[in-house]
Amino acid sequence: MAEERVRWGVLATGGIAAAFTADLVDLPDAEVVAVASRTEASAGAFAERFGIPRAYGDWETLAADEDVDVVYVATPHAAHRAAAGLCLEAGRNVLCEKAFTLNTREARELVDLAARHGSFLMEAMWMYCNPLVRRLKGLLDDGAIGEVRTVQADFGLAGPFPPTHRLRDPAQGGGALLDLGVYPVSFAHLLLGEPSDVMARAVLSEESVDLQTGMLLSWESGALASLHCSLVGGTSVSASVTGSLGRIDIPGGFFHPDRFVLHRDGRDPEEFTADPADGPRTSLKHEALEVMRCLRAGERESPLVPLDGTLAVMRTLDTVRDRIGVHYPNEQR
C-alpha cells in the first residue's frame, strides 16, 4: 500500500472498541468505514457516535466488506477465535484484542488461517507499541542493567464485580488472568522470552474463574518473574526489572507508563519520561500506527508484536490455568 488512508472496520461496540475508534478518528491517515455488532441498534448507535458511514447488525457483512483494509476485533476474548477467524477466512487483515484467544489451540488456528489467506494478523498488545516501553526494552537490550535477574509486575482492580459481570463469567473467558494477567505475563515475555517453568496459585470464585492469581516464572538463565493479577484488590500496577548491574522501576501503569527510573550501580538515578508529542499515556494510536505501517510495507505480521511471541504468551497462560484449575465451558484444548 502507498501512503493512502487505511480503511478500518470495527467489530464490536464495547468500551475498548470505543476507545480505539476515538484514537483512530484522530489519525489523519486512518478512516473508520464500517462497524459491526450482533444487533443493528448497537452498530447504528456506535456509527452515529463516531461518524462511521456503514453499520452492520452481523459480523459476516463486515467480514465480506471489500472496502475494509483491516478489521479491529474488540469482542470479549471468548469470541476472538470466531470473530477474527471469520474475518481472516474472508481475506481481511485483522488486529485482534488481547488476550488473543482463550487458549493456544485457538491462537494457532488464527495464525494458520492468516498464513493460508496471506493476511496480516496482530494481537492488540498496545504495551509493546508504547514508545516509552520500547525505550525501556532498548536500554535492557543494550545492557543498561546487565543481565536481567528478576521481573516483578502486578495488575489488580479493586472491584467488586458481581457474579453477572463478564469478568466473572466462565462462558466469556472470565477471571483475572486473561483480562489483566496477560499484561504482566506479556511484560515478562517481552524482556526474557518464554519461561522454562511456570508455577501458579489462585483464589477462585464460585463460578470457578480466578479472582486473583500469583505466578512465578523461571528461565534456564536463572531469571525469575514474580507476577500477580487480581479482581479483588486495586494494586499499584507497577513493575520492576532487576539486573546484575542495576534496576529499572516503573512506578505505576507499567503497561502504559509516563515515566520510569533507571538505577545503575555507582550512578545517580535517571528518569525517563514520555514525549508529550506521543499523546496521552492511554492512547491506543501507537498500535494502530504500527498496523498501518505493516500494511503499507506488505508485512504479514509486526516485528513489535510477532505472532510467535503471541503464541508463546498463550502457552504460558494455558500452563497457568492448568496449574490453578481454571477451565472454560465447551473449551477444546
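In which helix do Glu290 and Arg293 both lie, and how many residues apart? Both lie in helix H9 (residues 285–297), 3 residues apart, about one turn of the helix; helices (H or I, at least four residues) and strands (E, at least two) are DSSP runs, numbered from the N terminus. The model is a predicted one, in which local features need pLDDT of at least 70 and side-chain atom pairs count only at pLDDT 80 or more, whereas totals for chains, interfaces and linings use all residues. Residues are numbered from 1 along each chain as its sequence is written, and side-chain values use heavy atoms, with hydrogens and water left out.

Glu290 forms a salt bridge with Arg293, with the closest N and O atoms 3.0 Å apart; a salt bridge is defined as a side-chain nitrogen of Lys or Arg within 4 Å of a carboxyl oxygen of Asp or Glu. Glu290 is buried at 7% relative accessibility, whereas Arg293 is partly exposed at 34% (buried, under 20% relative accessible area; exposed, over 50%; partly exposed, in between; 1.4 Å probe, protein chains only). By this salt-bridge rule the count comes to 24. Another of these joins the side chains of Arg7 and Asp67 (3.8 Å, N to O). Arg7 lies in strand E1 and Asp67 in the loop between helix H3 (59–64) and strand E4 (70–73), so the pair ties together parts that are 60 residues apart in sequence. Asp67 also meets Arg54 in a salt bridge (3.9 Å, N to O), and Arg54 lies in strand E3, 13 residues apart from Asp67. A network of salt bridges links Arg7, Arg54, Asp65, Asp67 and Asp69.

An open sheet is formed by 6 strands in the order E3-E2-E1-E4-E5-E6, with parallel pairing; two strands pair if DSSP finds at least two bridges between them. Strands E3 (54–56) and E6 (121–123) are the edges, each pairing on one side only. Strand E1 (residues 6–11) is joined to strand E2 (residues 30–36) by 6 bridges, and Val32 in E2 is the bridge partner of Trp8.

Trp8 is also among the residues that touch the most other members of the largest nonpolar core, together with Leu121, Phe187, Met215 and Phe254. This core holds 117 residues, and its largest share, 11 residues, comes from H8. Such a core is a set of buried Ala, Val, Leu, Ile, Met, Phe, Trp, Tyr and Cys residues joined through side-chain atoms within 4.5 Å.

Ring pairs link Trp126, Phe155, Tyr183, Phe187, Phe254 and Phe255 into a cluster. Both Tyr183 and Phe255 are buried.

Note on methods. Rings of Phe, Tyr and Trp (its six-membered ring) pair if their centres lie within 6.5 Å; planes under 30 degrees apart count as stacked, over 60 as edge-to-face and the rest as tilted.
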